[in-house]
Amino acid sequence: MKESIHEIQPYEADGIVYHADKCLPLVDAAKRQKIKSRMLSRHTYPGDRLDDNTLGLNSIGYWDAHEPQDWGLDWHRNEGIEFHFLESGSMPYAQEDKEVLLKPNYLTITRPWEVHKVGNPFVGMGKFYWVILDLGVRRPHQEWQWPDWVTLTPDDLNRLTTILRQNDQSILKTNREVRDCFIALGKAIDADESGSNASKIRLLINYLLILILDLVDTDDIILNESLTESSRSVNFFLKELENSLAENWTIEEMSQSAGVGVTRFTYHCKQITNLTPMRYLMMRRLELSKKMLLEEEELTITEVAYRTGFTTSQYFSSVFKKHEKCTPNQYRQKHLDLVL
């Protein structure tokens with residue numbers, strides 16, 4: 001099993017750089033012969049290399065586990081849209097705020113850079129497929145760009161794109177046609193040698209997209225345009241900001257990370273939090289500092305200040321006293337006395 005030295009363009013959000021997942025636990029499980037697996041990939045994904053005839057397809061493959069497993073794929077992101085399919089067995093799976101046990105013939109749809117995991121904490125026994133297509137986007141409000149070898153008519157492709165972007169349903173019970181398509185993809189992957197099956201793989205992925213359109217294009221579907229608005233990108237940023245409060249943020253850097261202009265970023269931040277961006281950042285830093293003061297007693301006030309994004313301990317103490325009506329040391333001592 002080979003790994004590429006070519007890095008895919010990472011996704012930067014909130015001071016954190018998300019690199020496309022390298023599936024290292026999966027690679028290790030295959031090396032230990034815990035599973036049978038075959039992958040065709042490019043960039044940092046493991047597997048035999050895909051050629052230029054399938055540009056935009058970043059990874060495709062499967063694993064087959066016939067015994068209990070001791071590994072899982074923890075929370076991670078992929079740069080493209082990813083389709084998972086379980087042919088047999090059962091598989092713990094979580095995506096954003098949804099956690100389920102996948103059963104045979106279940107299909108999952110993970111949108112670009114949407115956080116998800118497989119396993120809880122370990123994957124189950126079963127045969128599990130995936131297809132990852134890079135759509136050239138890094139934020140929910142950006143337009144999707146399908147690979148040029150996707151041959152659905154413009155109307156069908158627009159319909160599929162609209163439904164996938166504006167519908168938060170991500171787990172589908174499929175039919176025999178979808179199952180047969182993934183089985184055929186598995187056989188095409190097994191038989192591929194240096195891109196020899198590129199035409200068949202392209203054809204089968206196009207057929208899979210048509211089958212998915214048939215599944216989701218129903219009268220019952222409810223489309224929600226807010227799922228693709230810039231406000232959702234800002235909301236994503238604010239949620240992830242908790243992981244990088246120590247960064248030296250400016251409002252320009254925050255809006256750039258959210259993928260929108262400063263004016264729109266400020267507007268959406270105020271709508272979501274009732275605070276300006278810099279004020280919201282300050283309040284989150286203060287909340288983190290209070291937690292650290294109580295839970296990490298070994299840290300000095302200066303260390304707490306730096307770890308929560310304040311430039312000096314003096315400035316931190318001044319801001320803290322203004323909001324809490326006591327100094328950081330007094331706050332720590334008061335709460336520790338209550339515990340004792």
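Is Glu177 buried, partly exposed or exposed? Select Glu177: at a relative accessible area of 43% it is partly exposed, where buried means under 20%, exposed over 50% and partly exposed in between (1.4 Å probe, protein chains only). This is a predicted model, in which local features need pLDDT of at least 70 and side-chain atom pairs pLDDT 80 or more, while totals for chains, interfaces and linings use all residues. Residues are numbered from 1 along each chain as its sequence is written, and side-chain values use heavy atoms, without hydrogens and water.

**The whole chain**

Show the protein chain as a cartoon. It has 11 helices and 13 strands, which are DSSP runs numbered from the N terminus (helices H or I, at least four residues; strands E, at least two). The C-alpha atoms fill a box of roughly 70 × 45 × 40 Å along the principal axes. Of the 340 residues, 52% count as buried.

Return to Glu177, in helix α3 (residues 176-191).

Next select Asn197, in the loop between α3 and α4 (198-216). Asn197 is buried because its relative accessible area is 14%. Leaving out residues up to four places away in sequence, Asn197 touches Ala188, Ala191 and Asp192, a contact being heavy atoms within 4.5 Å.

**Salt bridges**

A salt bridge is a side-chain nitrogen of Lys or Arg within 4 Å of a carboxyl oxygen of Asp or Glu; the count comes to 13. Select Arg32 and Asp70, whose side chains meet in one of them at 2.9 Å, N to O. Arg32 lies in the loop between α1 (24-31) and β3, and Asp70 in the loop between β5 (57-65) and β6 (73-76), so the pair ties together parts 38 residues apart in sequence.

Move to Asp48 and Arg38, which form a salt bridge at 3.0 Å, N to O. Asp48 is in strand β4 and Arg38 in strand β3, so this pair ties together parts 10 residues apart in sequence. Asp48 is partly exposed at 26%, whereas Arg38 is buried at 16%.

**Backbone stops**

Select His43, in the loop between β3 (36-41) and β4 (48-49). His43 is not a glycine, yet its phi is positive, at about 60 degrees. Then go to Asn105, in the loop between β9 (98-102) and β10 (106-110). Phi of Asn105 is near 75 degrees, again a positive value in a residue other than glycine.

For the last stop, select Asn120 and Pro121, which are joined by a cis peptide bond with omega about -5 degrees. Pro121 is found in the loop between β11 (116-118) and β12 (126-133).
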